[in-house]
Amino acid sequence: MSTLLNTVVSWFLKQRFSQIEYFKENPHEAQANLLMDLLDQASNTEWGRKYDFDTIRNIETFQQRVPIQDYEQVKPWIERLRKGESNLLWPTEIKWFAKSSGTTSDKSKFIPVSNESLEDCHYKGGKDMLSIYCNNRPDTEIFTGKALAMGGSHSVSEFNNSSYFGDISAIMLQNLPFWAELMRTPDISIALMGDWEKKLDTIANATITENVTNLSGVPSWNLMLLKKVLDITGRKNILEVWPNLELFIHGGVSFAPYRDQFKKLIPSDQMWYMETYNASEGFFGIQDQPHSTEMLLMLDYGIFYEFIPLDELEKENPRVLRLDQVETDTNYALVITTNAGLWRYMIGDTIQFTSTRPYRIQISGRTKNFINAFGEEVIIDNAEKALNAACQATGAVVSEYTAAPVFLQDNNSACHEYLIEFEREPDSLDAFTNKLDQVLQQINSDYEAKRTADILLKKLKVTSLPKGTFYGWLKSKGKIGGQNKVPRLFNNRKYVDEILHFISQ
């Protein structure tokens, strides 16, 4: 694309910056007005009539009247939407559903996606990423070339004649406006391929001759793509293939384990890395400062935010805070009300505020134990069910365990690693490992996708520990007692490496 077009597009995107500055200066007013607008739009839906949205005039009444809910509680309404009913949670047609990893009773969740949430949240977030980037880097030439976006693991599929499901990234690609399609690569028929082994090869071959200036997506998949590009071209680094590459927009999992590997493959001090907080349920945050991993909480995307202090979460009636009530350096469970019909919905993420003027956040984890190093979102319930099946199949009894990811390092493969203390050893550790891995794939669609053809995740590994290991490790840390528990799943290797080091001594 021409330098003139780059200048024009950059100027156009920068015009949005004044609106961002407005909600930064007036956050509470922006959120209160947004909630009233959502209630007004949904007042004649089945949900709106149930809770009499017409008579809600402030945030306090809304909080008193409408209950907090999770996926299990909203699932019956979503099932009706999937079957073609309308005007249940949101007044406009819901024909798209974002597929994500499941709950304790389901392999997958299906999150409703309205036209309003696509336009005013997800696409608006995409434009704002570029607006903020252009404002921070006035000399950018990002629009002289093309964007390469690595989509998710599920292409768009059909529920019935009127509704469809897929990864949110696939849904967004399927609905891109024509002007955005002109600015990206590869062709959408390649981007939406379902076979990931073939997809990586095809994307690499289709883009090595393009002028790629920016990448976006989950770090693990992009890292694999970059390595594939180097394998095909025989080049030493990515800048020999795409010399004008200047930006990687990432999200979904922590970037920390991947940062050094990206810098090795893209050896340039001019390469920028920009974090976003974009989920199936909505687009929440954008890194707006070049040298900080904090993300600006985006307050005008059709999402009203509430926050539950993590130490209140298990209480029968936990305190639920408004934006003006939060404090920095405190873990909060995130609760959202959206322009796709999610009302006071707890998504399972926890955040911390790093600043309240303006409101900036960092993702601190999940409300439950989990591993999500590669977008697989394995929760403790998945692990418990898979371990139980492996025990039944091999005669084993597990007394203690913990698990963590093994990260991609050079030519080493990624996988999950389980450290297990058996009360009774399995008949065969290999059979136990195989069964554990198979059942995890059966009950978690995201883990299954990452395990497909061993492209990203290899089969998990299990290490049998001597009896008394976990007790000895806890005792060495001065953590003996009822309140001190072995962490079952953890998203980094802190505990696994500590335990391995402990037994080596």
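**Ground rules.** I am working with a predicted model, where local features need pLDDT of at least 70, side-chain atom pairs count only at pLDDT 80 or more, and totals for chains, interfaces and linings use all residues. Residues are numbered from 1 along each chain as its sequence is written, and side-chain values use heavy atoms, with hydrogens and water left out.

**Helix α11.** I looked up α11, residues 196–207; helices (H or I, at least four residues) and strands (E, at least two) are DSSP runs, numbered from the N terminus. Its 12 residues should span 16 Å at 1.5 Å a residue, and the end C-alpha atoms are 16 Å apart, which agrees. The expected span is 1.5 Å times one less than the number of residues. I find Trp196, Lys199, Leu200, Ile203, Ala204 and Thr207 buried in α11. They cover an arc of only 125° around the axis, so they sit on the same side of α11; the arc is that of the directions from the helix axis to the C-beta atoms. For burial I use under 20% relative accessible area as buried, over 50% as exposed and partly exposed in between (1.4 Å probe, protein chains only). The buried residues of α11 pack against β3, β6, α10, β7 and α12, with contact meaning heavy atoms within 4.5 Å.

**His416.** I found His416 in strand β19, residues 415–424. His416 counts as buried, at 1% relative accessibility. Its side chain makes a polar contact of 2.6 Å with that of Glu376. Polar contact here is a pair of N or O atoms within 3.5 Å; within protein, one must be able to donate a hydrogen and the other to accept it, and residues adjacent in sequence count only if both atoms are side-chain atoms. Beyond four places in sequence, His416 also has contacts that include Tyr447, Leu457 and Lys461.

Most residues other than glycine have a negative phi, and most peptide bonds are trans. I noted a cis bond from Thr185 to Pro186, with omega near 0°; Pro186 is in the loop between β6 and α10. Another cis bond joins Arg357 and Pro358, and Pro358 is in the loop between β14 and β15. Asp52, not a glycine, has a positive phi of about 50° and is partly exposed at 35% relative accessible area. Asp329 has a positive phi of about 60° and counts as exposed at 61% relative accessibility. I place Asp329 in the loop between β12 and β13.
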